[in-house]
Amino acid sequence: MRRFNHLTALEHLLELDTTIFKEELYYPWYIQTGTVKTLSAIWLMLMTVVIPVLIVFTDIRPLIILIATAALSALLGILYFLTIQQLKKTAKSEALHQMMKLEKKEFMKYLEPFVPDDQKEVAHRISNHVDFSPKEYISVTVSTKSRVLHNTDSFIKDIERMFAEKELPPVIESDWQYSDTVFKVPESAKQNYERMKNSSTFNDKFTVPPEVRVAIIAKIKEALNRPALGRE
């Protein structure tokens, strides 16, 4: 099994499809806007059409009609809620399974030196004990990716500082090991997102154009190899 090193962990971080960490995509198969609209339409029709007709044209007591309507509304709501909960559980299980695939290749172990200070304790626990909740893993991964993407220059300086203080070993090109781990949002989730993204609050700020990713990785490689080159 091919595993990560510091460089490939950073490369993989930039390639990670972090949209699976956003709840609007994380649970795409439970956000059924069509179902919500249908249930709302049924309820509205009961309240504005069926109930008045039954009250006016039948001998059924209005109180019984209202009680039956309330009970039906409650039943529809409970069924929908239970369905959502079950699908959310399935979605969490799938995402956690993908995270565990990364940890078997020691992704967090090699990413740990680069995570923000407020996430280091969680990252250390994940890398040493493989003990984490999806929420913790998401927080560490997304915050680290945000740091690399949005504070690249200070991140590079931090890599250079860690080398100077011998917190990181030099990464020589011949030692690079590439992981073949795939971590992607399911295609069905992407299709559902495409249908609803115009009304969504999701901010896709972690999608990195290839040329930007290449430029950042080039800077990181230079910083990672500088100590080794300095000894030649």
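This is a predicted model: local features need pLDDT of at least 70, side-chain atom pairs count only at pLDDT 80 or more; totals for chains, interfaces and linings use all residues.
Which residues of the largest nonpolar core touch the most other members?

Residues are numbered from 1 along each chain as its sequence is written, and side-chain values use heavy atoms, with hydrogens and water left out.

First, the overall picture. The protein has 10 helices and zero strands, so-called by DSSP runs: H or I of at least four residues for helices, E of at least two for strands, numbered from the N terminus. Along the sequence the pattern reads α-α-α-α-α-α-α-α-α-α. There are 232 residues, and 39% of them count as buried. Buried means under 20% relative accessible area, exposed means over 50%, and partly exposed is in between, with a 1.4 Å probe and protein chains only. The accessible surface comes to about 13800 Å², and 58% of that belongs to carbon and sulfur atoms. These areas come from the Shrake-Rupley method with a 1.4 Å probe, and for residues only the protein chains shown count as cover. Now contacts, meaning heavy atoms within 4.5 Å. Among contacts between residues at least 6 apart in sequence, 81% join residues at least 24 apart.

Back to the opening question. The largest nonpolar core has 39 residues, and Phe 107, Ile 159 and Ile 220 touch the most other members. Several helices each supply at least two residues of this core, among them H1 (6–15), H4 (62–104) and H8 (152–164). The largest share, six residues, comes from H7. A nonpolar core here is a set of buried Ala, Val, Leu, Ile, Met, Phe, Trp, Tyr and Cys residues joined through side-chain atoms within 4.5 Å. In soluble globular proteins, nonpolar side chains tend to be buried together.

Leaving aside neighbours within four places in sequence, Ile 159 is in contact with Phe 114, Leu 168, Ile 220, Ala 223 and Leu 224. One of these, Ala 223, is found in helix H10, residues 210–230. Is Ala 223 buried or exposed? Ala 223 counts as buried because its relative accessibility is 1%. The C-alpha atoms of Ala 223 and Glu 160 are separated by 6.2 Å, although the two residues are 63 apart along the chain.

Next, helix H6. Its buried residues are Val 122, Ala 123, Ile 126 and Ser 127. Why do they lie on the same side of H6? Because they cover an arc of only 125° around the axis, the arc being that of the directions from the helix axis to the C-beta atoms. What covers the buried residues of H6 includes H4, H5 and H7. The face turned away from the buried side carries the exposed residues Glu 121 and His 129. After H6 comes Val 130, whose phi is positive, near 45°.

Now the charged pairs. How many salt bridges does a search of the whole structure find? It finds seven, where a salt bridge is a side-chain nitrogen of Lys or Arg within 4 Å of a carboxyl oxygen of Asp or Glu. In one of them, Asp 153 pairs with Lys 219, with the closest N and O atoms 3.5 Å apart. Asp 153 lies in helix H8 and Lys 219 in helix H10, so this pair ties together parts that are 66 residues apart in sequence. Asp 153 is exposed, at a relative accessible area of 51%, and Lys 219 is partly exposed at 39%.

There is also a network of salt bridges linking Arg 147, Asp 158, Arg 161 and Glu 165. Asp 158 and Arg 161 meet at 2.9 Å, N to O; both lie in helix H8, three residues apart, about one turn of the helix. Asp 158 is buried, with a relative accessible area of 16%, whereas Arg 161 is partly exposed at 34%. Arg 161 also forms a salt bridge with Glu 165, where the closest N and O atoms are 2.8 Å apart. Glu 165 counts as partly exposed, at 46% relative accessibility.

That is the tour.
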